[in-house]
Amino acid sequence: MNPEPLNPEPRTLELGTCDVKLSGWGRYPVVEARSESFETEKELKTALDGPGAVIPFGMGRSYGDSALAERVVSSRRYDKFLAFDPASGRLHCESGVSLAEIIDAFLPRGWFLSVTPGTRFISVGGAVASDVHGKNHHKAGCFSSCVESFTLMLADGSMPTCSRNQNAGLFRATCGGMGLTGVILDVVLYLMRVKSAFIRETVVKCRNLAEVFDAFEAGAEVSYSVAWIDCLAKGADIGRSVLMMGEHAESGILGPLAPPPVTLPFALPGFLLNRHTVALFNRRYYGSFPERAEGRLTPLDRFFYPLDRIGRWNLIYGRGGFTQYQVVFPKASSADGLRHILGRIADAGLGSFLGVLKLFGPENDNLLSFPMEGYTLALDFKIERRLFPFLDELDRVVVDHGGRLYLTKDVRMKAAVFRAGYPGWEKFRALRQEMGLDDKFRSLQSKRMRI
Ligand SMILES: Cc1cc2nc3c(=O)[nH]c(=O)nc-3n(C[C@H](O)[C@H](O)[C@H](O)COP(=O)(O)OP(=O)(O)OC[C@H]3O[C@@H](n4cnc5c(N)ncnc54)[C@H](O)[C@@H]3O)c2cc1C
């Protein structure tokens with residue numbers, strides 16, 4: 001058994017079958033697991049034929065327990081590029097290929113991901129399974145919107161191709177289905193053309209929630225937008241934030257992105273992060289921006305992946321780990337819901353300096369995709385004794401306002417909160433039962449949610 005939890009460096013998972021201590025990106029919980037990595041469909045079939053349930057494991061960048069189980073099947077060696085059409089940007093690759101590998105191979109040729117989350121160290125399979133969103137959700141939708149098709153290995157070893165026209169029900173359940181419908185094998189997706197590895201960025205400082213909502217709405221036509229939010233601001237300052245918007249630059253060099261320049265060597269003492277240090281950081285950070293700055297050229301990696309610049313940054317929360325609470329509210333209840341939640345967080349002095357606010361566009365028709373039209377808030381919390389009861393209280397606000405929590409960040413949501421937020425859950429569970437998937441594909445999260 002490997003002595004240290006394998007996240008954030010799950011390289012050992014490339015080594016065939018081994019017993020490991022495994023966690024998600026939040027480093028909580030840590031479980032003992034048998035990991036079986038596969039390089040071919042035959043190897044995967046052998047793993048699935050083994051006793052008991054499994055869950056697919058990509059790069060372990062989901063924060064909680066959605067990729068955790070007693071047995072995981074790791075896609076890290078299933079990582080070949082299969083075909084690329086330079087006329088259309090149509091890419092065919094295996095699901096263990098990472099977004100970083102796609103960028104390294106194709107950015108120098110003028111192609112970038114149509115949808116990318118805030119880290120490039122995730123697998124294509126993980127991107128589909130969480131139906132991840134990026135800073136352009138309001139214009140481009142989720143990751144599934146750039147996916148044409150994929151093949152899936154089901155519990156019996158069959159490998160249907162799924163697209164919007166073929167096995168469409170399985171396609172809609174798998175995009176956002178958190179690995180619970182089978183193992184995604186090869187994926188066909190579309191990249192987008194870019195002329196530069198830079199973004200032309202505009203930054204707007206906003207004094208409160210009303211101002212940042214107005215700024216998001218005013219920038220609705222801009223391709224990318226996201227705001228850093230000060231979660232400890234109180235009273236009239238609630239929602240104080242810095243909105244960053246951007247378009248791909250028309251000129252500049254095209255090149256691979258730099259590797260992380262700094263890596264944290266060990267877990268920092270958890271006490272370093274407290275309401276005073278976070279408040280100090282937030283005041284300084286907010287103060288470091290001008291009221292408005294237009295058109296500055298920002299490298300792609302700084303704009304899309306600021307956290308990737310520090311390797312193993314998840315160690316800053318100490319040995320106990322952390323979780324991210326990501327909620328979305330329908331537009332009509334966003335202001336009220338966010339004010340409630342932010343007020344509670346500031347009063348409790350919880351939350352960290354990593355707070356993000358984003359306006360989502362329309363919802364898609366996948367059964368468990370997270371985004372709905374409205375505002376989403378994502379906030380990191382160090383794991384501590386009073387945290388989960390506190391988050392249960394926030395959940396009540398979320399449910400009362402018609403919102404939902406993001407499964408790929410979650411580690412403690414109760415089944416009732418999940419069901420209230422995801423009306424597609426019954427269809428999802430029925431599909432799993434009908435296709436005999438519920439006995440073979442299970443994560444700690446799916447057991448907790450009873451799906
Ligand atoms: C710094 C950071 C920033 C992030 N920013 C964003 C963001 O902006 N937007 C966003 O949407 N997400 C964001 N995320 C979350 C991340 O994009 C997702 O959790 C993603 O699914 C992780 O992919 P992975 O390859 O690491 O998968 P894992 O974490 O290993 O697994 C995630 C889920 O995918 C399933 N899965 C993995 N591979 C397969 C496969 N081959 N077949 C079937 N199921 C599979 C797993 O079973 C699990 O349920 C961020 C995460 C980090 C650490």
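**Close-up views of a predicted model**

By class, the shell around the ligand holds 14 nonpolar, 17 polar and one charged residues (Ala, Val, Leu, Ile, Met, Phe, Trp, Tyr, Cys and Pro count as nonpolar, Asp, Glu, Lys and Arg as charged, and the others, Gly among them, as polar). The model is predicted: local features need pLDDT of at least 70, side-chain atom pairs count only at pLDDT 80 or more, and totals for chains, interfaces and linings use all residues. Residues are numbered from 1 along each chain as its sequence is written.

**View 1. Residues around the ligand.** Gly58, Pro117, Gly125, Gly126 and Gly179 come nearest among the 32 residues around the ligand (a residue is near a molecule or strand if its C-beta atom, placed from the backbone, lies within 6 Å of it). Strand E3 (55–57), helix H3 (124–129) and strand E10 (183–193) are the elements that give two or more residues to this shell. Helices (H or I, at least four residues) and strands (E, at least two) are DSSP runs, numbered from the N terminus.

**View 2. The four-stranded open sheet.** The strand order is E1-E2-E4-E3, and the pairing is mixed (two strands pair if DSSP finds at least two bridges between them). E1 and E3 stand at the edges with a single partner strand each, so one side of each is left without a neighbour in the sheet. From one strand to the next, the twist averages 40°. Strand E1 (residues 17–22) and strand E2 (residues 31–37) run antiparallel and are joined by six bridges; Lys21 stands opposite Glu32 in E2. E2 and strand E4 (residues 71–74) run parallel, with four bridges between them, and Arg34 has Arg71 in E4 as its bridge partner. E3 and E4 also run parallel, joined by three bridges. In this pair, Ile55 stands opposite Val72 in E4.

**View 3. The eight-stranded open sheet.** This sheet has the order E15-E11-E13-E12-E18-E19-E17-E20, with antiparallel pairing. Strand E15 (292–299) and strand E20 (404–405) stand at the edges, each with a single partner strand, so one side of each is left without a neighbour in the sheet. Six bridges pair strand E18 (residues 355–360) with strand E19 (residues 374–382) in the antiparallel sense. Lys358 stands opposite Thr376 in E19.

**View 4. Packing of helices H9 and H10.** Helix H9 (residues 331–348) packs against helix H10 (residues 387–400) at an angle of about 165°, and their axes are 9 Å apart. Axes are lines fitted to C-alpha atoms, for helices over the stretch in contact, and angles run from 0 to 180 degrees between N-to-C directions. H9 and H10 are therefore roughly antiparallel to each other (angles under 35 degrees count as roughly parallel, over 145 as roughly antiparallel, 65 to 115 as roughly perpendicular and the rest as oblique). Gly337, His340, Ile341, Arg344 and Ala348 of H9 make the contact with Phe390, Glu393, Leu394, Val397 and Val398 of H10 (two residues are in contact if their C-beta atoms, placed from the backbone, lie within 7 Å). By class, this contact has six nonpolar, two polar and two charged residues.

**View 5. Two backbone details in loops.** Most residues other than glycine have a negative phi, and most peptide bonds are trans. Tyr28 and Pro29 are joined by a cis peptide bond, with omega about -5°. Pro29 is placed in the loop between E1 and E2. Met178, a residue other than glycine, has a positive phi, near 55°. Met178 lies in the loop between helix H5 (168–174) and E10.
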